[in-house]
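Reader: Could you take me through a few features of this chain? I would like to begin with the sheet and then move on to individual residues.
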Amino acid sequence: MQAEQKTPAAWDELLERLGEVADLRGAGALAHWDQATLLPSGAAQGRGHMLGTLSKLAHEKFIDERLATLLGECADFAEENLAEGDDFPQQLLATTRREYDRATRVPSEFEARFAAHSALIYSVWEEARSESNFQKVAPLLEKTLDLSRELAGFFPHDHIADPLIDMSDTGETVQSIRAVFAPLREQLVPLVREVASRPVASSAPLHGDFSMDAQKDFAVEAVKAIGYDWTRGRMDFSAHPFMTKFAPDDVRITVRGDEEFGELFFSALHEAGHALYEQNIARRFGRTPLDSGTSSGVHESQSRLWENLVGRSNSFWNYWFPRAQAQFPSLRDFTQSEFVAAINVVKRSLTRTESDELTYNLHVLIRFDLELEMLEGKLAIQDLPAAWNARYESDLGLTPPDDARGCLQDVHWFSGTIGGAFQGYTLGNILAAQLFESAQDALGDLDSQFARGQYSPLREWLTQNVHRYGAGLLPRELVVQATGRSLELTPYLNYLRHKFAA
Ligand code: ZN
């Protein structure tokens, strides 16, 4: 009788080591979550040390040469499993190798220099933004540009921004993204002009009596209905909403809001969309690098899908509007269509984070193009405010009155690299529509399901086609597997036209 195949010792040791790295990263995420939700204001310095130590330990453990040896020793085992139809070991090796390569190419000396610079520019940026004084932060931003180029230089590349993009959207390049973004801009600019020139719906339904407690209760119900597992998560308030994961069974979300209806509810749906992804990754991927979403673009497709394609649709409110009226009596003065119009108002604005579903991408495209020009050496930091304002003028027809509402508004360039941070938002919007279209083809009339408060067919389709793969498939592979096609603009443009140009 043939002996049962034994798991090699190298595989067990690999899983053990990766598990320890995952635990250290989880502890860091927990310390960060606590900092963002509960930490006493005087405790920031100690928390900074704690976060630094946890991240250093995780990094050192991960770049240990022993890990490279184990990856090599497990190659045959992965091949054998693949031949028998189990691709888990092979996916784990590929993903871990890619992460290991990234982590070891960048010298620790550079990491330390970059971390120190990021902390400095962040604090100066906060002042510069409140004073609307670009010059105050400009010399440090020059340094960020140098450091971003230096970081990219540790990796082979065609375009200097490619490695920076690849870090959050693996496999994407300047070329592949431009091929999607350029035609998107061509279509969006005139569409926004057309839609924004019409009379704006009244936002009166959103200005009634909306206490934060009642809004939170309402959001909890909706987030439960779309399938967020409360036994493995929780929801708290923070200055900036986010989703975080400490372990497969501990995926948390935070929200923010005020006494107007909208921000709290939609930030809850958005973050719950991220959380559904993380809660539904295959269980065997736990404590490995596969136990996370595969890219920022795919992650954003999940949050945007629930926030916008579901949560801002009329059919969703067929079910929820009567419940909202019961919860918030001021809504009884309005019809559902007045309410749905109010949560879908299109208005050109200067601020990305306050922009609507239609104009949002124009804000992203402006940032993406400008950061490429900076990295290419075509745009000097000194000329950034003027270039920024010129693009707002041409694409949105608005001129920022000052740099605080212009190029100083987003934290990204002032706390991380120039390059790599923005494209995922728009890739996510595009992909959300493509996935939604495929889900609709498979599941029939989603609108009538939403109108009955049924979301499990859609959520299960997403788990089956997106969530369960975790980081095991590259974003492009995932898109083809889930929709049968590469990433394409048509479903998104159709969705926007149908919703906003109608
Ligand atoms: Zn998001």
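Author: The notes below concern a predicted model.

Reader: What is the strand order in the open sheet of three strands?
Author: The order is β1-β3-β2, and the pairing is mixed.

Reader: Which strands stand at the edges?
Author: These are β1 (235-237) and β2 (243-247). Each has a single partner strand, so one side of each lacks a neighbour in the sheet. On average, neighbouring strands of this sheet are turned by 30 degrees against each other, direction ignored.

Reader: In which sense do β2 and β3 pair, parallel or antiparallel?
Author: β2 and strand β3 (residues 250-255) pair in the antiparallel sense, over four bridges. Within β3, R252 is the bridge partner of T244.

Reader: And what does helix α1 touch on the sheet?
Author: Helix α1 (residues 9-37) touches β1, β2 and β3, and its direction makes about 140 degrees with that of β2. Helix α11 (residues 263-279) also packs on the sheet, touching β1, β2 and β3. The direction of α11 makes about 165 degrees with that of β3.

Reader: Changing topic: where is L427 found?
Author: L427 lies in helix α17 (residues 423-443).

Reader: Is L427 buried or exposed?
Author: L427 has 5% relative accessibility, so it counts as buried, the cut-off being under 20%.

Reader: What is L427 in contact with, leaving aside its neighbours within four places in sequence?
Author: Its contacts are D169, E172, I177, F181, G297 and L487.

Reader: Finally, how many disulfides are there?
Author: The count is zero. As for cysteines, C74 is buried at 0% relative accessible area, and C407 is buried at 2% relative accessibility.

Technical notes: Residues numbered from 1 in each chain as written. Predicted model: local features only at pLDDT ≥ 70, side-chain atom pairs only at ≥ 80, totals over all residues. Heavy atoms only, no water. Disulfide = S-S within 2.5 Å. Buried < 20%, exposed > 50% of the residue type's maximum accessible area, 1.4 Å probe, protein only. Helix = DSSP H or I, 4+ residues; strand = E, 2+ residues; numbered from the N terminus. Contact = heavy atoms within 4.5 Å. Pairing = 2+ DSSP bridges. Axes fitted to C-alpha atoms, helices over the stretch in contact; angles between N-to-C directions.
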